[in-house]
Amino acid sequence: MNVVVVARDHARRQALIQRAEEAGWTVRADVPTEAALSPEDLDGVAAIVIDARDATALSPRAHDGDDLIEPLTSREHDVLEQMAAGLSNRQIADVLGISEHTVKFHVSAVLGKLGVASRSAAIRHAMRQGLVTL
Amino acid sequence: MSDSLAQQLSNDLASAATRTAPSLLLLRGRRGRAATGTALDAQSFLVSDHLLDADDEVRARTADGEITARVVGRDAGTDLALLHAEGGRLTPVTLATDVVRVGEIVLAAGRTWTGLVAHPGFVTHLSGPHQVSPGFRLEQAIHTSLDPFSGFSGGALVNARGEVVGISTSALDRGRGLAIPARDVTRVVDSLRRHGRLRRGYLGISSLPVALPERQRQGSGERGLLVTSIAPGSPADTAQLLVGDVILAIDDTTALRPDDLAGYLSADRVGQRASLRVLRGTNPVQLDVTIGERTSDVR
């Protein structure tokens, strides 16, 4: 069985290749380490072995978010607006008159709903989707 | 006996690291992580916004002691925060004047609890411009062969001469590392210094991209931005824009996506007059608007 091994970390890639070969698989060594596989790379390939640490990066949710899974509540929207204005959690807490702890809670809900991992990604996503007031 | 090329390269990189070291500071970042600071002048330094926990005062370790600094301004969109150390005697980095080239050997330098760290790599590609927040366009992002490490974010990307070509961050590209070029960093720092934040223009609307049916098109293409809300008292409100209007263009910028509008509303537009080309039903309407500034009542 022809397989491709995908791992951004060189050492982990080597370890995965070894285990795949031990399992009797033929590892295609001529394809790139990164996740960006072209259709040519997958010619005659039966399986792709992905480093568990990279797997999250490959899932659609980790991408900069194409769709909104669940609509934001109006409070989450308020928080998102302030995030886009560049405010820190404490500043947002001051502006909205809520505790910093509550802000943190809303921020992680916003990141989760937008399917992004960071504040900066949330801002970019929200801007593109027209979620923030311009 | 003269040094081999490999030895010369090794010497150059080691010198570059040594030259940068005095300009790098160490802070206790969010969740106890090491956060590197990069000194820009005797009293100010940059930190990665996503690692900066405190909002007012922070303690930072320099090459020869501890200092107290306060946050001047921060911006999550570019992941940069500017701090000021009153009476500080920091050693500033030397910013590279040349544009970084693909293929160049660079060092990502930072600090962790154990001391100086520097990882060598190559500039693999340059990308941009990127609209990273409403009103701020990053002209370029420097991508390297380097994976982020402890102390990476907020640290300096240094060329073989020991000049800083950019500030490293892991927060802008899904955990991968990149560097914001010195030129963009300077623009952000100027704004943070002057306004405490990245200034941005403001109309006061939310909008959605829409496709226009044939009979509604006004010789201006088939797309526009449907106004879905108008903030009371905002510039758009004053200009008598209505919910349901479709924005076709603002000045010469065709409004196809909210991104286009976000790109238009850069800091230098604040206070400027602009002309909105709008479709109201099937009637073309021209509205004059004065671009406001997006502010929050931060105490």
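Domain bounds here come from an automatic or database domain assignment. For chain B, that assignment gives domain 1 (5–195) and domain 2 (201–293). The C-alpha centres of domain 1 of chain B and domain 2 of chain B lie 37 Å apart. Five residues from domain 1 of chain B and seven residues from domain 2 of chain B make the contact. Contact means that the C-beta atoms of two residues, placed from the backbone, lie within 7 Å. On the domain 1 side, the classes are one nonpolar, three polar and one charged. Nonpolar covers Ala, Val, Leu, Ile, Met, Phe, Trp, Tyr, Cys and Pro; charged covers Asp, Glu, Lys and Arg; the others, Gly among them, are polar.

A word on the source. This is a predicted model, where local features need pLDDT of at least 70, side-chain atom pairs count only at pLDDT 80 or more, and totals for chains, interfaces and linings use all residues. Residues are numbered from 1 along each chain as its sequence is written, while chains are lettered from A and ligands numbered from 1 in the order in which they are written.

Now chain B as a whole. It holds four helices and 22 strands. Those are DSSP runs, numbered from the N terminus: helices are H or I with at least four residues, strands are E with at least two. The C-alpha trace of chain B spans about 80 × 45 × 30 Å along its principal axes. Of its 299 residues, 45% count as buried. Buried means 20 or more other C-beta atoms within 10 Å of the residue's own; exposed means 12 or fewer; partly exposed is in between, with C-beta atoms placed from the backbone. Take the contacts in chain B with a separation of 6 or more: 59% of them join residues 24 or more positions apart.

Next, backbone details in chain B. Which peptide bond is cis? The one from G128(B) to P129(B), with omega near 0°. P129(B) sits in the loop between β8 (115–127) and β9 of chain B. D79(B) is not a glycine, yet its phi is positive, about 60°. That residue is in the loop between β5 and β6 (80–84) of chain B. Is D79(B) buried or exposed? D79(B) has 29 C-beta neighbours inside 10 Å, so it counts as buried. Q240(B) also has a positive phi, near 65°. Its loop runs between α3 (235–238) and β18 (246–250) of chain B. Q240(B) has 12 C-beta neighbours inside 10 Å, so it counts as exposed.

On to the interface. Here 35 residues of chain B are in contact with 26 residues of chain A. Elements of chain B giving two or more residues include β5 (65–75), β13 (164–173) and α4 (258–264). By class, the chain B side has 15 nonpolar, nine polar and 11 charged residues.

From chain A, look at helix α6 (residues 119–128). Nine of its 10 residues are buried. Among them are I123(A), H125(A) and M127(A). The buried residues pack against α3 (74–84) and α5 of chain A, and against β9, β13 and α4 of chain B. After α6(A) comes G130(A), with a positive phi near 70°.

Last, a helix pair in chain A. The axes of α4(A) (residues 89–96) and α5(A) (residues 100–114) come within 8 Å and cross at roughly 110°. Axes are lines fitted to C-alpha atoms, for helices over the stretch in contact, with angles from 0 to 180 degrees between N-to-C directions. The two helices are therefore roughly perpendicular, a label for 65 to 115 degrees; under 35 is roughly parallel, over 145 roughly antiparallel, the rest oblique. N89(A), R90(A), I92(A) and A93(A) of α4(A) meet E100(A), V103(A), K104(A) and V107(A) of α5(A).
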